[in-house]
Amino acid sequence: MKFDFCYLITNSFSSRMILQSEIIPNLTKAGKKVCIIVPNANEENLKEQAKSLGVSVFPIKAENTWKVNEFSLLKKYIYEDIKNNPALWEKHIRSIKANKSKHPWRILRPYIYILLHYLVFKWKLGKNVFKAIESKLLQSSEIDNQLIEIQASTLICTYPSDLRESAYLRSANRQNIQTVIQLLSWDNIVTKGYFSEISDYFIAWGEIMANEAKEFYSYSNNKVFTPGVAHFDKHINEVSIEKINQCFCDLGAKPNKPTLIFGMSSPYFTPYEIEIVEWIAKKVNNGSFGDVQLIVRPHPQNVEGYMADTTWLPRLKNIESEKVFLNLPKLQKSKLDWNMKNEDLITLVNLIAGSSVVLNSCSTFSIDGLVQNKPVILTAFDSDKKLSWMESVSKTLEYPHLKKLVGTNGLDVCKSYADLEISILSWIADSDKNISLRKAAKIAECGICDGMASQRIADTLIKIQN
């Protein structure tokens with residue numbers, strides 16, 4: 001076997017970016033042979049998808065063992081300035097204050113790890129000891145043999161904070177296989193922890209991510225590329241009046257009517273977002289925002305997985321009315337958490353395209369809105385509750401990736417119901433307000449959004465391979 005490109009896909013959002021975009025079709029059109037390495041290689045839907053794309057599928061040879069998971073947690077304390085990174089510090093505080101385990105190790109672990117952080121973080125020799133341990137952990141003869149068997153010229157990693165992907169990068173780098181990191185999401189560099197292995201080249205979403213790659217991992221300018229976001233091409237190429245009308249009608253909503261769309265976040269980050277959604281629904285139903293309708297889309301993490309709060313689902317069902325509609329994500333059973341069906345993304349982009357204002361608290365949904373030049377509102381408050389810093393959604397405004405997005409001034413940040421009411425009414429009255437700032441924010445986060453990112457990414461991969 002001999003392949004030009006091999007993609008590592010260990011995350012459902014990576015799967016969407018690679019398998020639900022035109023990257024692979026553009027590579028195969030150029031005569032390139034592509035394969036993927038995945039944990040769900042035996043799933044029928046994945047096999048069908050791979051067959052339609054003309055790619056070969058190989059099972060991942062690295063497991064999420066207890067040792068791997070434990071070191072994944074520990075390495076954030078060793079390599080990251082965890083106290084000064086709100087996203088990582090929140091996880092540490094939560095591991096103490098919200099820990100329901102009775103296992104002695106899980107109780108003591110955060111205290112031991114933070115002590116190690118204070119002892120080792122600024123101690124070069126101590127870090128070198130951990131690097132040596134990590135190096136042993138990343139070595140795998142099974143991975144070495146698999147890459148020798150596949151004979152891929154270029155290995156592309158999409159989620160390098162996952163130690164399994166780092167192990168593949170380590171093996172490829174040792175075998176002088178060309179390596180590329182193409183990150184699955186805008187927050188990965190600053191919120192997911194230290195990448196244990198880096199690549200020869202880096203494909204970023206936009207300038208913000210490109211600058212982070214240079215700052216945190218010392219990539220040189222000629223090793224970083226910003227061709228755009230592949231799956232965001234669907235915002236351009238899969239949107240039409242006919243599809244918008246169909247997607248709205250499928251929900252029972254009226255096309256061409258002023259519409260608010262609320263893309264919810266996980267209850268892990270926004271414990272009282274459900275109350276904000278219920279408040280907006282009530283206002284829509286009583287006409288406080290004029291003749292508008294509301295579409296509510298729960299995050300996949302609302303629906304299933306360890307971050308879900310299933311008590312939200314009946315509450316969402318209860319707000320449905322002639323003016324309020326629910327768009328549940330179309331999930332499929334998979335070893336990849338929150339793995340979405342292909343048609344789900346097409347529905348999503350058309351619902352956003354047909355809406356007037358996009359609301360969200362702290363997820364990528366805000367960027368989806370910006371890609372289509374929609375007014376975006378962040379609901380950065382906890383209903384009428386007074387919560388601790390750890391619990392409050394307002395802490396996410398301190399997360400580096402969200403802080404940078406807010407700093408573009410391309411969206412509204414609301415910190416109370418009063419702010420939210422003013423913002424909604426303002427955007428309904430004038431949806432073109434601050435449109436230049438929205439466009440600048442979109443370019444900073446995603447680069448050029450013209451429906452051709454997949455082609456540029458394929459061209460970039462071919463260029464750096466040559």
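**Close-up views of a predicted model**

A search of the whole structure, which is a predicted model, finds 15 salt bridges, a salt bridge being a side-chain nitrogen of Lys or Arg within 4 Å of a carboxyl oxygen of Asp or Glu. Local features need pLDDT of at least 70, and side-chain atom pairs count only at pLDDT 80 or more, while totals for chains, interfaces and linings use all residues. Residues are numbered from 1 along each chain as its sequence is written, and side-chain values use heavy atoms, with hydrogens and water left out.

View A. Glutamate 278 forms a salt bridge with arginine 315, and the closest N and O atoms of the two are 2.9 Å apart. Glutamate 278 counts as partly exposed at 24% relative accessibility, and arginine 315 does so at 30%, where buried means under 20% relative accessible area, exposed over 50%, and partly exposed in between (1.4 Å probe, protein chains only).

**View B. Further salt bridges, including those of glutamate 238 and arginine 456.** The side chains of glutamate 238 and lysine 243 meet at 2.6 Å, N to O, with glutamate 238 partly exposed at 24% relative accessibility and lysine 243 partly exposed at 33%. For arginine 456 and aspartate 450 the N to O distance is 3.0 Å; arginine 456 is partly exposed, with a relative accessible area of 22%, as is aspartate 450, at 35%. Salt bridges that share partners also join Glu275, Asp384 and Lys385 into one network.

**View C. Strand 11 and its parallel partners, strand 8 and strand 12.** From strand 11 (residues 357-360), Val357 and Leu359 point one way and Val358 and Asn360 the other, and all are buried. Strand 11 pairs in the parallel sense with strand 8 (residues 259-263) over 4 bridges, two strands being paired if DSSP finds at least two bridges between them, and leucine 359 in strand 11 stands opposite phenylalanine 262. Strand 12 (residues 376-379) also runs parallel to strand 11, joined to it by 3 bridges, and valine 376 in strand 12 is the bridge partner of valine 358. Together with helix 18 (residues 365-371), strands 11 and 12 make a right-handed β-α-β unit; a crossover is right-handed if, with the strands pointing away from the viewer, the path from the first strand over the helix to the second runs clockwise.

**View D. Positive phi at asparagine 176 and serine 383.** Asparagine 176, in the loop between helix 9 (163-174) and strand 5 (178-182), has a positive phi near 60° although this residue is not a glycine, and it counts as exposed at 71% relative accessibility. Serine 383, in the loop between strand 12 and helix 19 (400-407), likewise has a positive phi, of about 60°, but serine 383 counts as buried at 11% relative accessibility.

**View E. Cysteine 6 and cysteine 35.** The sulfur of cysteine 6 is 3.5 Å from the closest cysteine sulfur, in cysteine 35, which is too far for a bond, since a disulfide is a pair of cysteine sulfur atoms within 2.5 Å. Cysteine 6 is buried, with a relative accessible area of 0%, and a search of the whole structure finds 0 disulfides.

Terms used. Helix = DSSP H or I, 4+ residues; strand = E, 2+ residues; numbered from the N terminus.
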